[in-house]
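Here is a short report on a two-chain model.

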Number of protein chains: 2
Amino acid sequence: MIHFNDAYDKVLEHTLDLGTEMVALNQGLGRILAETIYADRDFPPFDRAAKDGIAIHSDALKNGLDSFRIEGLASAGMPQQKLKDVNNCIEIMTGAVVPRNADTVIMYEHLNIENGVATLLKQVKKGQEIHCKGSDLTSGAVLLPENTRIGAAEFGVLASVGKSKIRVKKLPKVCVISTGNELVEVDQSPLPHQIRKSNVLSLYAALQKEKIEATSIHLKDEKADIKKELIHILKTYDVLLLSGGVSKGKFDFIPEVLEDLEVEKIFHRVAQKPGKPFWFGVQSALKTVVFSFPGNPVSTFANYHIYFLPWLCRSLDVGIPQEEVLLDASVAVKPPLTRFMQVKIENRKGNLWAIPVHENGSGDLTSLVRSNGFVCLNPRGNAYEIGEVVPFIRTNP
Amino acid sequence: MIHFNDAYDKVLEHTLDLGTEMVALNQGLGRILAETIYADRDFPPFDRAAKDGIAIHSDALKNGLDSFRIEGLASAGMPQQKLKDVNNCIEIMTGAVVPRNADTVIMYEHLNIENGVATLLKQVKKGQEIHCKGSDLTSGAVLLPENTRIGAAEFGVLASVGKSKIRVKKLPKVCVISTGNELVEVDQSPLPHQIRKSNVLSLYAALQKEKIEATSIHLKDEKADIKKELIHILKTYDVLLLSGGVSKGKFDFIPEVLEDLEVEKIFHRVAQKPGKPFWFGVQSALKTVVFSFPGNPVSTFANYHIYFLPWLCRSLDVGIPQEEVLLDASVAVKPPLTRFMQVKIENRKGNLWAIPVHENGSGDLTSLVRSNGFVCLNPRGNAYEIGEVVPFIRTNP
């Protein structure tokens, strides 16, 4: 049995380089950029009117003028114009190019317009209401570094520089494998001693959030069958997520079969609760990583978030989310097991408080819908106190 | 011009009842349940072994026995068995049904097994290591109330009760409309006075997070064309999200055209920065709601999160996310405009601190990728102080 911190470190030592691929921008949401995105031109690309009103040359103000004959109109989408007479003005709309020899925009609210002449109602500052060429960013500047996760704002930036196709990190091919003869499909009616699959469906759904479309496979508790299937699966996928079959039971063949198939055991059993019988290994020749989680719903769900998600982040070269919260209860955690306790998070005046969720053991599937995640409590002599700061692993936003 | 709080309230007064629909469970992630989900049987459905080991009847302990002949094996997926002799034991695996006349499970770690006889190494407590029938939930109990958002954990619960199809709230049919003659498509090379579309693409991406597949349409700044197109769009969609065309410019036809088409103006212009020229209206006969946002990227993005997302939550009957954060800077916000300031959030020992993000006006698209959202600062005489608690609208997790 190894310590949680060591298990965590060992998982992160066995990341995969998954390579990159081109995808259409429309398919890019939630993916990780594998290229640096540069400004292809200045932002904004021209001196841009920031308000609707008129554009003037400030020299006219120096000459003491406070009314200006309107000699034309500039709207967004029109090529740049030029004041014929620098003592005149051009009516200008937000987003339009400021005329070549104008340098100041005055909004309608500060003007009186009559008979084609605009008269100032307020003091004017040279250069006002112009969103200057290159003032946000100059051409060639980095807009999005490599390894950026593409959210809605990044999506807009990619569009603005014409990236209709983008290079992103490939996602691992994941096979989610359930084991256990007691399991039946969701649309079947279980006999009294059977239950429907749920663990692998939770994993399947959690993977969807990471944009991974996993394949689901069920293995019956028959050693020869398991072996035959796993030979093929190990060759086909980058990652296997198994649920069940790793405890000390007579039908817990998984570790043995995996080792037969030259999946090197990195560790088996971690000093943690829930999730202790976790088995982790690597098939180096095939570059396949195997997370074999215990079969209880809370154990599988916890270990997926505790180990697999950080592994995925590290493999994709993005930061592992780190959160801290304040414990809302006193909790004793005696050695040797690290405790992952389900909590509900409450934001109270900007402080994140973690309220323990009642859980009837690691078989209690229903506790997972009442919690936002797990606090990580390493074992120690004295109890954790109310208000103590502890690490938090979010499972539910 | 109306106050921000009034604008917000008015938007929430005009929600839509979108109805419900059946979808396959696989399509349900991120959707909102429109039915209550009950336990279809007890959870767990039988007295379930929580460990690998042996099952005994505790009367045998009372009789002073501490070793038990193994008379059979019960593994997960096997029908319930029965001890032939209550002084014997049955070897039992995690997840298996506890034999009818057994009431206690002892794990292998606390046993010595030799020649088909298991001998206790440790004191035993009657009823231990059994996950009792109905101890998590009894048949008929509510597992998931109506209006629950389906995440990975909920997905597992739905599977466990056999809901391969679920009734969910319908999502609105949304049309995202860009306006402005300066805009060209993402895959086009803009002329010097043109820019590529980005606002509507950010909206399109943000809507995808809500599982809404929006339709995008571009309207040229031609009044007759806009009107003709909008007649059709108003009939076809539940919600219109427009970007641009609502300021005071000569080509800002949108409010006028919408009112011509019997879209009742609820308000136009809100005392807020950015996003002031926001126009909001309702076509009652067609049951279409129109959010017409100003064309600047920051304004559009802010108003989508400030108004549309709460409107969507309320229409779907789910809670509007409420977050508070601690200001990391002193900020003066003079009347009359409510300020939505972009911030980056840092979790420092469980406290959420909001650090202002430099933003070069509401045309600065690139500021959005550096921030996590907006703090809402209502105007007032004295400045906001460092450490003050303020509402936060998250745009980026």
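Two strands count as paired if DSSP finds at least two bridges between them. With that rule, chain A of this predicted model shows an open sheet of six strands, in the order β17-β14-β18-β22-β21-β19. Its pairing is mixed. The edges are β17 (215-219) and β19 (264-268) of chain A, each pairing on one side only. From one strand to the next, the twist averages 20°.

**Inside the chain A sheet.** Strand β14 (residues 174-179) of chain A runs parallel to β17(A), and five bridges join the two. Across this pair, Thr179(A) stands opposite Leu219(A).

Two helices of chain A are placed against these strands. Helix α1 (residues 4-13) packs on the sheet and touches β19, β21 (279-283) and β22 (288-293) of chain A. Its direction makes about 155° with that of β19(A). Helix α7 (residues 297-316) of chain A lies across β18 (239-243) and β22, running at about 155° to β22(A).

UniProt, in an unreviewed entry, places the feature "domain: MoaB/Mog" at residues 175-314 of chain A. That span is 36% helix and 28% strand. Its end C-alpha atoms lie 19 Å apart.

**A sheet in chain B.** Six strands of chain B form an open sheet in the order β7-β4-β6-β5-β9-β8, also with mixed pairing. Here β7 (104-107) and β8 (111-114) of chain B are the edge strands. Neighbouring strands are turned by 40° against each other on average, direction ignored. Ile56(B) stands opposite Thr104(B) in β7(B).

| Strand pair | Bridges | Direction |
|---|---|---|
| β14(A) and β17(A) | five bridges | parallel |
| β4(B) and β7(B) | four bridges | antiparallel |

**How the copies meet.** Chain B can be laid on chain A with an RMSD of 0.1 Å. That takes a turn of 180° and a shift of 0.0 Å along the axis. The two copies are thus related as by a two-fold rotation axis. Which residue of chain B comes closest to the rotation axis? Asn351(B) does, with its C-alpha at 2.3 Å.

The contact takes 86 residues from chain B and 86 residues from chain A. Of the interface residues of chain B, 100% are also interface residues in chain A, so the copies meet through the same surface. About 6,700 Å² is buried between the chains, and carbon and sulfur atoms give 60% of that area. Four salt bridges are counted between chain B and chain A. Glu109(B) forms a salt bridge with Arg269(A), where the closest N and O atoms are 4.0 Å apart.

Notes:
Residues numbered from 1 in each chain as written. Chains lettered and ligands numbered in written order. Predicted model: local features only at pLDDT ≥ 70, side-chain atom pairs only at ≥ 80, totals over all residues. Heavy atoms only, no water. Axes fitted to C-alpha atoms, helices over the stretch in contact; angles between N-to-C directions. Least-squares fit on C-alpha atoms with pLDDT ≥ 70 in both. Contact = heavy atoms within 4.5 Å. UniProt positions renumbered as here; feature names shortened; annotations may be inferred. Buried area = accessible area lost by both parts, 1.4 Å probe. Salt bridge = Lys/Arg side-chain N within 4 Å of Asp/Glu carboxyl O.
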